[in-house]
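Have the model open as you read.

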Amino acid sequence: MLLDLDGFKYVNDTFGHDIGDLLLIEVAKRLTNAVGEKGFVARWGGDEFTVLQMNIENKGKVTSLKDRIKDVIAEPIIIEGHTLFISASIGVSFSLEDGDTVETLIKNADAAMYREKKQAEIRDEVKTEN
């Protein structure tokens with residue numbers, strides 16, 4: 001999985017990079033707890049994280065994990081008296097099905113993440129027009 005935080009730029013621009021850094025630390029903790037011992041979480045850069053899982057029983061388990069991650073990220077985060085709300089766009093790729101190298105898997109997860117992000121933007125535009 002490749003995960004990008006939606007709303008992170010707003011937090012940095014509004015509250016400063018120190019608050020943004022503390023937000024990233026809290027997100028990393030939440031991700032690690034959500035993934036548990038069966039996976040590995042790493043900051044990819046900026047406001048992006050990778051989640052690696054092995055020996056997945058089926059795609060439904062991945063969908064459940066993805067939903068769990070979105071839920072824990074969406075919970076309010078309180079940092080230095082500020083209640084922050086962010087969300088996450090998550091792209092997934094599967095070994096062998098979507099590629100057989102780390103580079104290809106990350107590239108495909110990245111593409112899936114940006115498709116999800118674009119769909120969310122379109123949904124938000126439709127909501128504001130109604």
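## Ground rules

This is a predicted model, where local features need pLDDT of at least 70 and side-chain atom pairs count only at pLDDT 80 or more, while totals for chains, interfaces and linings use all residues. Residues are numbered from 1 along each chain as its sequence is written, and side-chain values use heavy atoms, leaving out hydrogens and water.

## The core

The largest nonpolar core holds 28 residues (buried Ala, Val, Leu, Ile, Met, Phe, Trp, Tyr and Cys joined through side-chain atoms within 4.5 Å; buried means under 20% relative accessible area, exposed over 50%, partly exposed in between, with a 1.4 Å probe and protein chains only). Leu5, Leu23, Val27, Ile69 and Ile73 have the most contacts inside it. Among the elements giving two or more residues are strand E1 (2-6), helix H1 (8-15) and helix H3 (59-74), but H2 gives the most, with seven. Helices (H or I, at least four residues) and strands (E, at least two) are DSSP runs, numbered from the N terminus.

Leaving aside residues up to four places away in sequence, Ile69 touches Met1, Leu3, Leu31, Ala34, Val35, Val51 and Ile90 (contact is heavy atoms within 4.5 Å).

## A charge over a ring

Lys59 lies over the face of Phe94, 4.8 Å from the ring centre. The call needs NZ of Lys or CZ of Arg within 6 Å of the ring centre and within 35 degrees of the ring normal.

## Two positive phi values

Glu80, in the loop between strand E4 (77-79) and strand E5 (82-84), has phi near 45° and is exposed at 64% relative accessible area.

Leu96 sits in the loop between strand E6 (87-91) and helix H4 (102-129). Its phi is near 75°, positive in a residue other than glycine, and Leu96 is exposed too, at 72%.
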